Structure formats: structure tokens, C-alpha cells
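Open the model in your viewer and keep the sequence panel beside it. The stops below can be selected in the order given.

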Amino acid sequence: DTLIKLAERLPKAELHLHIEGTLEPELMFALARRNGVPLPYDDVEAVRAAYQFSNLQEFLDLYYQGMSVLQTEQDYYDLTMAYLQRVAADNVVHTEIMFDPQAHLERGIAFDTLFSGIERALQDGEQQLGISYRLIMSFLRHLSEESAFEALKTAEPWLHRIDAVGLDSGEQGNPPDRFERVFARCRELGLKLTAHAGEEGPPDYVWQAIKGLQVERIDHGNRALEDAELVKALADRQFTLTVCPLSNLKLCVVNDLKEHPMLTMLESGLNATVNSDDPAYFGGYVNDNYRALIEHLPITREQLHTLVRNGFAGSWLSDREKQHHL
Ligand code: ES4
Ligand code: ZN
């Protein structure tokens, strides 16, 4: 109980958050009505009832369907502002949010529309709520490398306002290797690099992400624990792992939170962090994820402080900004 109180009140950073995954059913319905987009659900309860997944792909199908209600700049603003207001209550003071441009461009939404809405909310959030931010443009790995290059070209006029690129969507059968050239180009452009790896995919995908894509962080990374040499490489080189406990539970990456590998990760010297991934779909924001860990694992006060500190240390804040939080 005291650990939960401590986790709730500590200032925190969130490093793994898909802005499209913050679309709560209430806002989904409001935007569907506002834009005249049909939804295959009768009400908010029916949406929530549909959120039972046995793997990543079952979630992704509903995630891509849900975002079809996002149409105007104001929609993206409202989505992002709702997230910021929600996590301000969790004492999140820094957030690094991912967005999936290809999922919107494919539906005929202009890059300017989605980017302006998200960025305007982040700027207002920084002013009004004191939440600093970084922006991560994520490529969809179920699409081709050519499609990723196209998205990068479309984003060109905005790249100076984007901090990093990522790689997400269905992992099985979509190894990082295929995106080596587009990540190399992003690196040349001065963007930071991260990739989802080892959520459902094998340790080899994590190796490909660090060796082939040359990412600085790994999103998830759970299955890295199956490869002792990989664990050593990640620990020696101080990679940050952006772990998402409630996501892992909802997507059956773990069967029970009591079996969650978070403490094993810390004890193996890995720089793990606590994040919410797609909070509207997985049943909780950052504090809910801390609470779930504390309730199910024998976590110490020191380990809790380490997780919170890792969030700032692994962020893309400047060294000076990090000093302020560490
Ligand atoms: C995602 Cl949990 C997860 N994994 C991979 N891709 C994603 N996109 C949104 N959430
Ligand atoms: Zn994710």
C-alpha cells in the first residue's frame, strides 16, 4: 500500500505509448458521431466487452478499426489532449509518444492533419500541464520497406519536429531485417531509433534490432530473457527496455502478472521501464501498470525507484534535462 502510494506520487516518464492506443470507447463514439463514421458496436460497453485478446494480432485488428474515427486535426488534438490530462493525474511529467502515420495515410488522412493535431495538443500540454514530450514516428512492419520509405518522404517537411522513429505492428513473420535501409536513412537524418522486438518474436529479432537497425532502445524485449548472451549484450550496453506489464497480460505474453519477468529483468542488470503501451485497450495508464506490478510481484522500494529512474535515464531528454529529474 505504501509502495503503491509512492509509485503514484513520484514524477514519472512514459517511453512506450501509442497515441492511437489511448482512444477510449467514449471518445471513439463521440468522434464517430461527429464524423459520421459507422461503428460495429451498439454502445461503449459493447466496445469494452470486445477487448479480449489472445494474441497481438487480435488486438491490432481492433486497434486499426478503432482509429477509423480519427479524421480531422481537432480529432487528433482531442485524442492527444485527453491522454495528457489523464496522465497528468498520474504524475507523468515526460512522455515520448509514438504515432503510426501509415495507418492514417492509408485511409486518406493528410500527414499535416494528424501531425498538427497531435503536436498542438503536446504544445498545449507542455504549457498547461507541464508535461515535456518527444515524438516517435513508427513504421508498420506488416507493410513493405517501400511503404516505410514513402511515409518517411511524406514526413520530410516535419522531420525537424520529430525526434525518433520506431517499428511496430504484427511482429511474428515480420523481422526487423527488412527495415535496415530505412532505419539507416533515418539515422543519417539524425533521428533516434527504437523498435518493438521480443514481444511475441524470438530473441533473434532483438539481435536484428540492435545489430541490423542499430536501435538505442528496445520496446518490450521480454523474450530477450531466453538468450543469456543477448541479456549480457543488452545489460553491458545499457539498453533501455520499455516494458508494458498490463499489455503483456492482455496480449497473453504472460499468463499471470505473478509470472511477469520485470524483476528478473532488473536482477539481470537490464534497464527496464514501466509503460502503458495502449492504455485504452489494455485496461490501464502508467500508475495502473505500477500498481499491477506492486500487487503481484515482491518488488522492493529500491527496485521501484530504479524503474522510475530508468524512465528518465532511458528518455531522449537532454543530459541537462535528465539531471533535473534524476
Ligand atoms: C502495439 Cl502492443 C503493440 N505491439 C506492436 N505494435 C503495436 N501497435 C500498437 N500497439
Ligand atoms: Zn507498443
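The tour goes from the ligand to the core, then to helices and single residues.

This is a predicted model, in which local features need pLDDT of at least 70 and side-chain atom pairs count only at pLDDT 80 or more, while totals for chains, interfaces and linings use all residues. Residues are numbered from 1 along each chain as its sequence is written, and chains are lettered from A and ligands numbered from 1 in the order in which they are written.

**Ligand 1**

Select ligand 1 and the residues around it: His-18, Gly-21, Leu-56, Tyr-63, Asp-168, Ser-169, His-196, Glu-199, Ser-247, Asp-277 and Asp-278. A residue belongs to this shell if its C-beta atom, placed from the backbone, lies within 6 Å of the ligand. By class, the shell holds 2 nonpolar, 5 polar and 4 charged residues. Here Ala, Val, Leu, Ile, Met, Phe, Trp, Tyr, Cys and Pro count as nonpolar, Asp, Glu, Lys and Arg as charged, and the others, Gly among them, as polar.

Stay on Asp-277, in the loop between strand E8 (271-274) and helix H14 (279-282). Helices (H or I, at least four residues) and strands (E, at least two) are DSSP runs, numbered from the N terminus. Phi of Asp-277 is positive, near 70°. Most residues other than glycine have a negative phi. A residue is buried if 20 or more other C-beta atoms lie within 10 Å of its own, exposed if 12 or fewer, and partly exposed in between, with C-beta atoms placed from the backbone.

**The nonpolar core**

Which residues have the most contacts inside the largest nonpolar core? Select Ile-19, Ile-97, Ile-118, Phe-139, Ala-209 and Ile-218, in a core of 85 residues. Such a core is a set of buried Ala, Val, Leu, Ile, Met, Phe, Trp, Tyr and Cys residues joined through C-beta atoms within 7 Å. Strand E3 (residues 132-140) gives the most to this core, with 6 residues.

Centre on Ile-97. Leaving aside neighbours within four places in sequence, Ile-97 is in contact (C-beta atoms, placed from the backbone, within 7 Å) with Leu-17, Ile-19, Tyr-133, Leu-135 and Ile-136.

**Helix H10 and strand E6**

In helix H10 (residues 203-212), select the buried residues Tyr-205, Val-206, Gln-208, Ala-209 and Ile-210. Their cover includes strand E5 (192-197), E6 and helix H11 (228-236). Just after H10, Gln-214 takes a positive phi of about 55°.

Move to strand E6 (residues 217-220), where His-220 is placed. His-220 is not a glycine, yet its phi is positive, about 80°. His-220 counts as buried because it has 27 C-beta neighbours inside 10 Å.

**Helices H8 and H9**

Show helix H8 (residues 145-155) with helix H9 (residues 180-188): their axes come within 9 Å and cross at roughly 20°. That makes H8 roughly parallel to H9, a term for angles under 35 degrees. The contact is made by Glu-145, Ala-148, Phe-149 and Leu-152 of H8 and Arg-181, Val-182, Arg-185 and Cys-186 of H9.

**Leu-60**

Finish in helix H4 (residues 56-66), at Leu-60. Leu-60 is buried, with 20 other C-beta atoms within 10 Å.

Methods: Axes are lines fitted to C-alpha atoms, for helices over the stretch in contact, and angles run from 0 to 180 degrees between N-to-C directions. Angles under 35 degrees count as roughly parallel, over 145 as roughly antiparallel, 65 to 115 as roughly perpendicular and the rest as oblique. Two residues are in contact if their C-beta atoms, placed from the backbone, lie within 7 Å.
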